[in-house]
Amino acid sequence: MDVERGIPCIDFSRDPTDLVEGSDGWKNLCDQVREACENYGCFQVVYDQVPVKLHEELLVGLKELFDLPDETKEKNVSSKPYHGYIGKAKEVPLYESLGVHNAPNLDQVEAFTNLMWPNGNPAFCQTLNSMAKRIQELEGIVRKMILQNLGVKNYYDSHIENSDSVFRVMKYKAPRSDDSAVGLLAHVDKNILTILYQDIQGLELLSKEGQWFRVLPKAGTLTVFAGEALMAWSNGRIHAAKHRVIMQGRKDRYSYAFFSTPKGGAVVEIPKELVDNEHPLLFRPFNYLDFLRYFQANLHLDNPLEIYAGAV
């Protein structure tokens with residue numbers, strides 16, 4: 001495990017048998033994932049099922065996508081918070097992003113590309129769909145490892161069945177001056193797991209000790225974040241890390257992330273196996289989508305989940 005960059009980097013590609021459930025390599029990776037999630041709330045992962053060439057192809061497509069007129073991008077709407085187009089916000093003027101619901105489903109990506117381009121964009125559609133499928137597979141592996149280490153692997157199938165996803169693509173404009181500028185305000189992801197790729201530096205993480213440090217990009221490496229829905233479901237055993245984007249230099253930054261979320265209407269409820277004398281109940285059961293809307297309406301709150309669903 002490499003912590004030189006501030007967070008662990010875990011290699012899922014060293015030996016194919018490492019991803020065979022029950023093997024010694026699998027158990028070793030599970031331990032590394034658990035330690036990273038408990039101590040950092042995130043880690044970098046080397047996963048060769050997502051080729052570097054695919055990252056490069058998607059980044060080329062993103063530049064074309066974000067060059068489209070604003071009125072075209074604004075067609076990307078959703079009834080769910082943070083699922084559609086976000087941009088031109090006064091607080092984060094450098095940030096712009098679009099969302100594709102359930103991008104591992106080719107029909108969903110085609111609907112998105114047909115909305116953006118009059119004749120669609122088959123090449124970009126295939127690239128985005130392929131990336132989403134591969135990252136979804138990685139997300140499933142990581143989630144299985146986490147649940148296994150928590151001793152609640154029997155919940156895995158229902159956990160996946162009650163999950164949804166949104167694939168967000170993001171652009172951060174370079175600052176107009178040589179000074180650093182906020183690309184994205186400090187926040188904690190609200191979902192289950194986030195798997196992120198960034199092309200250039202910008203991502204920063206807040207440690208449990210209260211120190212900000214950079215998460216340096218490395219070609220082909222993805223960054224995994226635990227979100228508050230998973231933190232709550234694990235009864236606080238998993239840490240959800242606060243992070244932000246700080247822009248420097250004269251180059252625009254592109255990134256994309258697969259966000260796994262509870263399905264609309266799904267209730268986040270702590271399994272009884274994770275509540276005991278040493279780990280008293282931290283959160284009441286809560287409807288995830290209702291909480292997301294509450295959070296969107298109360299961005300000024302420091303600990304919205306505790307206020308919304310705290311057990312004490």
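Which residue in β12 does valine 166 stand opposite? Valine 166 stands opposite phenylalanine 259 in β12.

## Basis of the model

This is a predicted model, in which local features need pLDDT of at least 70 and side-chain atom pairs count only at pLDDT 80 or more, while totals for chains, interfaces and linings use all residues. Residues are numbered from 1 along each chain as its sequence is written, and side-chain values use heavy atoms, with hydrogens and water left out.

Strands here are DSSP runs of E with at least two residues, and helices are runs of H or I with at least four, both numbered from the N terminus. Both faces of β5 are covered, with Ser163, Ser165, Phe167, Val169 and Lys171 buried on one side and Asp164, Val166, Arg168, Met170 and Tyr172 buried on the other.

Two strands are said to pair if DSSP finds at least two bridges between them. Strand β12 (residues 253–262) runs antiparallel to β5 and is joined to it by 10 bridges, while strand β4 (residues 95–101) pairs with β5 in the antiparallel sense over seven bridges. The bridge partner of leucine 98 in β5 is valine 169.

## Helix α2

Helix α2 (residues 52–66) has 15 residues and reaches 21 Å from its first C-alpha to its last, close to the 21 Å expected at 1.5 Å a residue; the expected span is 1.5 Å times one less than the number of residues. Its buried residues are Leu54, His55, Leu58, Leu59, Gly61, Leu62, Leu65 and Phe66.

## Cysteines

A search of the whole structure finds zero disulfides, a disulfide being a pair of cysteine sulfur atoms within 2.5 Å. Cysteine 30 is in no disulfide, since the nearest cysteine sulfur, that of cysteine 37, is 11 Å away. The sulfur of cysteine 9 is 11 Å from the closest cysteine sulfur, in cysteine 42, which is too far for a bond. Cysteine 9 is buried, with a relative accessible area of 10%, and cysteine 30 is buried as well, with a relative accessible area of 4%.

How values were computed:
Buried < 20%, exposed > 50% of the residue type's maximum accessible area, 1.4 Å probe, protein only.
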